[in-house]
Amino acid sequence: MRVFVLTGAGISAESGLGTFRDPGGIWERFDPMKLATPEAFASDPEQVHAFYNLRRRDLLAAEPNEGHRALARLEAALTASGGSLYLCTQNIDDLHERAGSRVVHHMHGELLKARCTGCGAVVEWRGELDVATACPGCGRRGGMRPDVVWFGEMPVGLDEAAMAIETSDLFVSIGTSGSVYPAAGFVDIAREAGVRTAELNLEPSDNAWAFDERRYGPAGEVVPAFVESLLAGRG
Ligand code: APR
């Protein structure tokens, strides 16, 4: 069986990392236009670095939850039986990897990587970033940025993801509000290709209507139960 899973901030909520659009969410406390756009970085890089340094510190203190671990089990079981799991996450955290997922497609980039705007080098980065940080590649200071996709920038690997969706047997969306494109349009690609669709979320997303199956509740409970039923052939 070939399964495509799309995850959003909701799968990391029980690990203590905030979601964006829930009450008290990140975009209720911080202005994305001042912190998550290329223009914001150009006009006030210190403020943008401070925002991502805070999120990087929070991530290093967080642990994967049962939802992440269930998807790692699903990948191992499908691979062992000749199937596949294409795990595409909108999240910039590394909790899928720390839970044991071996192949993760970060369509919005990765918080624990930094990129030099001068030479393009991408490096693992677990510490603080600031305007004085020198690029390990070219040595230039002032050009290092978080290797994440900001509003107005192109997400990573969309063509590859679309092909993976079209050739899958099942499309599962987990912990996302379905309010940000292009990820919110992935379910439409699945439906047009005749792929079965399922939504696992705390509550119905903006495009809940588009899904064949819907299960609601905390990801730490709903995802393990779904994976168990899928692997038992009941899914
Ligand atoms: N278990 C499952 N789902 C949950 C949980 C939980 N414990 N807690 C919250 N949710 C659900 C919410 O109901 C909501 O539908 O997770 C979803 C989170 O939605 P958003 O906060 O909009 O996050 P997301 O969909 O990942 O945002 C997409 O927007 O700002 C950009 O780049 C950012 O990748 C992000 C993108």
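Predicted model: local features only at pLDDT ≥ 70, side-chain atom pairs only at ≥ 80, totals over all residues.

Visitor: Which strand is Cys116 found in?

Guide: Cys116 is found in strand 4, residues 109-116.

Visitor: And how do strand 4 and strand 6 pair?

Guide: In the antiparallel sense, over five bridges.

Visitor: Is Cys116 buried or exposed?

Guide: Cys116 counts as buried, because its relative accessibility is 2%. The cut-off for buried is under 20%.

Visitor: What is Cys116 in contact with, leaving aside neighbours within four places in sequence?

Guide: Ala121, Cys135, Cys138, Gly143 and Met144.

Visitor: How far apart are Cys116 and Asn53?

Guide: In sequence, 63 residues. In space, 16 Å from C-alpha to C-alpha.

Visitor: Back to strand 6. How many of its residues are buried?

Guide: Five of its five residues are buried, so strand 6 is mostly covered.

Visitor: What order do the strands of that sheet have?

Guide: The order is 5-4-6, in an open sheet of three strands with antiparallel pairing.

Visitor: Which strands stand at the edges?

Guide: Strand 5 (122-124) and strand 6 (144-148). Each has a single partner strand, so one side of each is left without a neighbour in the sheet. The twist averages 45 degrees from one strand to the next.

Visitor: How many bridges are there between strand 4 and strand 5?

Guide: Three bridges, and the two strands pair in the antiparallel sense. Within strand 5, Glu124 is the residue that Lys113 stands opposite.

Visitor: Which helix lies across strand 4 and strand 6?

Guide: Helix 4, residues 45-60. Helix 4 runs at about 135 degrees to strand 4.

Visitor: New topic. What about the sheet of six strands, what order does it have?

Guide: The order is 3-2-1-7-8-9. This is an open sheet with parallel pairing.

Visitor: Which are the edge strands there?

Guide: Strand 3 (104-106) and strand 9 (213-216), and each pairs on one side only. On average, neighbouring strands of this sheet are turned by 15 degrees against each other, direction ignored.

Visitor: How many bridges join strand 1 to strand 2, and how many join strand 1 to strand 7?

Guide: Six bridges join strand 1 to strand 2, running parallel. Five bridges join strand 1 to strand 7, also parallel.

Visitor: How many residues of strand 1 are buried?

Guide: Five of its six residues are buried, and strand 1 is mostly covered.

Visitor: What does Thr89 touch, not counting residues up to four places away in sequence?

Guide: Thr7, His96, Val104, His105, His106, Met107 and His108.

Visitor: Now the other end of that sheet. How many bridges join strand 8 to strand 9?

Guide: Four bridges, with strand 8 (residues 196-201) and strand 9 running parallel. Leu200 stands opposite Arg215 in strand 9.

Visitor: Which strands does helix 9 lie across?

Guide: Strand 1 (2-7), strand 7, strand 8 and strand 9. Helix 9 covers residues 219-231 and runs at about 140 degrees to strand 9.

Visitor: Last topic: cavities. How many of 30 Å³ or more does a search of the whole structure find?

Guide: One. About 50 Å³ of space lies in the largest cavity.

Visitor: What is the lining of the largest cavity by class?

Guide: Seven nonpolar, four polar and no charged residues. The lining includes Leu6, Phe171, Ser173, Phe186, Asn207 and Phe211.

Visitor: Which elements each supply at least two residues of the lining?

Guide: Strand 7 (170-174) and helix 8 (186-192). Strand 7 is also the strand that holds Val172, the bridge partner of Val5.

Terms used. Residues numbered from 1 in each chain as written. Heavy atoms only, no water. 1 Å grid on protein atoms, 1.4 Å probe; cavity = no way out; pocket = protein on both sides within 12 Å on 5 of 7 lines; lining within 4 Å. Points joined across faces, edges and corners; volume = space filled by probe spheres on them. Nonpolar A, V, L, I, M, F, W, Y, C, P; charged D, E, K, R; others polar. Buried < 20%, exposed > 50% of the residue type's maximum accessible area, 1.4 Å probe, protein only. Contact = heavy atoms within 4.5 Å. Pairing = 2+ DSSP bridges. Axes fitted to C-alpha atoms, helices over the stretch in contact; angles between N-to-C directions.
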